[in-house]
Amino acid sequence: MAFSSLQLAQSTMPNGIFKTKTNTFFTKTVFPFTQCANKSLVSNARAITKLTCVNGTTEIATCNHIIGDKNTKLAPLKIGIIGFGNFGQFIAKGMRRQGHSVLATSRSDYSEYCEQNGIQFFRNMEALCEEQPDVILVCSSILSTENIIRSIPIHKLKPDTIFADVLSVKQFPRNLFIEVLPPGFGIVCTHPMFGPESGKNGWTELPFVFEKVRVTDVGAQAEKCTQFLNIFEQEGCRMVEMSCEEHDRHAAGSQFITHTIGRVLSHLNLESTPINTKGYETLLQLTGNTVSDSFDLYYGLFMYNVNATEQIDNLDRAFETVKQKLYGRLHDILRKQIVERVPMQDASNKTSITQLTSLTIPEMNLSEAVAVSSHR
């Protein structure tokens, strides 16, 4: 049952908990209902938007639905996905498993795939937005995101529509959403830390990072946000609530570095051998996984994460440090061999001691230095 308003008795329980004549309990806050005497009549759904006092009684000024049976279920979400490539299709499967309606649009024609998988496909964003989905999920590439968001016909959407993204960088889409979207629109920035390959056997314990950037505390928008996030929680994800700034710091030191190492290794043309170690096989797998992603993705991780340049510099310095340690030790070995095995030059020999010092490491590369050492 649903009411636009409901007369309540004065508070008879602690912490702002009220009791109706029908023995249904409400609180001034969204959840939890830990103080209710009869918990069988209470669910964890949100109901109260505002409480006001009228003539000594308490009234619910706005009530989305009445909390009653604990098994009360909310209507499925209608989720519009913009960008329906491999990742969009992958994420849509989880949403369909959780019973939600999925609408999709993309530059390519996926109408046949959608028809086979119970998804509505639209040729353009205007047609999709006319369906007024509860959530718009942007699954585009990082490089195309701004053009896509600025081209969405926002005027066709409900004023409390929630916008979410799945980009591998977070400050960029957050700032873009805040700039483009009207104040009433909800904003949730997310990053599933997995994809079609790593999540092919399920999402259990795979990290899902999110920040509720701009969502109402109560009301329909709050409910829909909770429903949206519950999709990933119910699929078994490890939910990680984190600010966009913190995410980008961590991602630069983990995801971006991983992609960078994989890209560097790919230029070595590594091949499997009959004596592979486990560590080497891990490197081969890393290289393969990395180059299977487009270079645009890697460039996006660099260009749109303010921490990426610092990580590139750190990696370069770390590599130089390792090289110097190797060269320094090799230099000591060569000098010892030169002093012990090369006789001092007499006056009749045209080769001077000064010329002998030219055999130090700075004048030869690593392969030449190794060759010199091995022939002594």
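**View 1. Valine 188 and its bridge partner in a predicted model**. The structure you are looking at is a predicted model.

**View 2. Strands E11 and E12 side by side**. Now step back to see both strands: E11 covers residues 186-192, while E12 covers residues 207-214. The two run antiparallel, and 6 bridges join them. Strands of a sheet pair through backbone hydrogen bonds, either parallel or antiparallel.

**View 3. The open sheet of 8 strands**. Strand E8 (120-122) and strand E13 (238-241) are the edge strands, each pairing on one side only. From one strand to the next, the twist averages 25°.

**View 4. Helix H6 packed on the sheet**. Residues 220-234 form helix H6, which touches strand E6 (78-82), strand E9 (135-138), strand E10 (162-165), E11, E12 and E13. Compare the direction of H6 with that of E12: the angle is about 170°.

**View 5. Helices H7 and H8 crossing**. Here helix H7 (residues 244-266) meets helix H8 (residues 278-291), with axes that come within 8 Å and cross at roughly 100°. An angle of 65 to 115 degrees counts as roughly perpendicular, so H7 and H8 are roughly perpendicular to each other. On the H7 side, look for Thr258, His259, Ile261, Gly262, Arg263, Leu265 and Ser266. H8 brings Leu283, Leu286, Thr287, Thr290 and Val291 to the contact. Sorted by class, the contact has 5 nonpolar, 6 polar and 1 charged residues.

Terms used
Residues numbered from 1 in each chain as written. Predicted model: local features only at pLDDT ≥ 70, side-chain atom pairs only at ≥ 80, totals over all residues. Heavy atoms only, no water. Pairing = 2+ DSSP bridges. Helix = DSSP H or I, 4+ residues; strand = E, 2+ residues; numbered from the N terminus. Axes fitted to C-alpha atoms, helices over the stretch in contact; angles between N-to-C directions. Contact = heavy atoms within 4.5 Å. Parallel < 35°, antiparallel > 145°, perpendicular 65-115°, else oblique. Nonpolar A, V, L, I, M, F, W, Y, C, P; charged D, E, K, R; others polar.
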